[in-house]
Amino acid sequence: MRVKELLKQRGMTAKELASRLGMTETGLSIALSDRGNPTLARLRQIADVLGVSVADLFAEPPGDVAVCPHCGQPVRVSVKLS
């Protein structure tokens with residue numbers, strides 16, 4: 001899931017997201033981990049807080065776009081051959 005990336009893009013922390021969802025940061029972390037299995041209702045809540053669709057939580061960026069691990073912003077990558 002792209003929750004961490006979306007949080008960075010919005011300048012929001014996981015703690016803030018958890019608070020807005022009425023859960024603990026630990027609970028959110030578990031729900032979003034490989035061990036977690038959030039319900040569709042919870043995914044909708046997360047998407048609503050982040051201002052995206054549920055599908056956007058799982059969408060892959062286009063092949064020519066990388067996401068900066070520091071700021072979460074998409075960066076278009078191109079190669080110029082001489």
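Visitor: Why is E5 called buried?

Guide: E5 has 16% relative accessibility, so it counts as buried; the term means under 20% relative accessible area, with exposed over 50% and partly exposed in between (1.4 Å probe, protein chains only). This is a predicted model, in which local features need pLDDT of at least 70, side-chain atom pairs count only at pLDDT 80 or more, and totals for chains, interfaces and linings use all residues. Residues are numbered from 1 along each chain as its sequence is written, and side-chain values use heavy atoms, with hydrogens and water left out.

Visitor: Why does L40 count as partly exposed?

Guide: L40 has 46% relative accessibility, and therefore counts as partly exposed. L40 is in helix α4.

Visitor: Which helix holds E5, and what makes a run a helix?

Guide: E5 lies in α1, residues 3-10. Helices are DSSP runs of H or I, at least four residues, and strands are runs of E, at least two, numbered from the N terminus.

Visitor: What joins the side chains of E5 and R2?

Guide: A polar contact of 2.8 Å joins them. The term requires a pair of N or O atoms within 3.5 Å; within protein, one must be able to donate a hydrogen and the other to accept it, and residues adjacent in sequence count only if both atoms are side-chain atoms.

Visitor: Which residues does V3 touch, leaving aside neighbours within four places in sequence?

Guide: V3 is in contact with L17, L32, I46, L50 and L57, where contact means heavy atoms within 4.5 Å.
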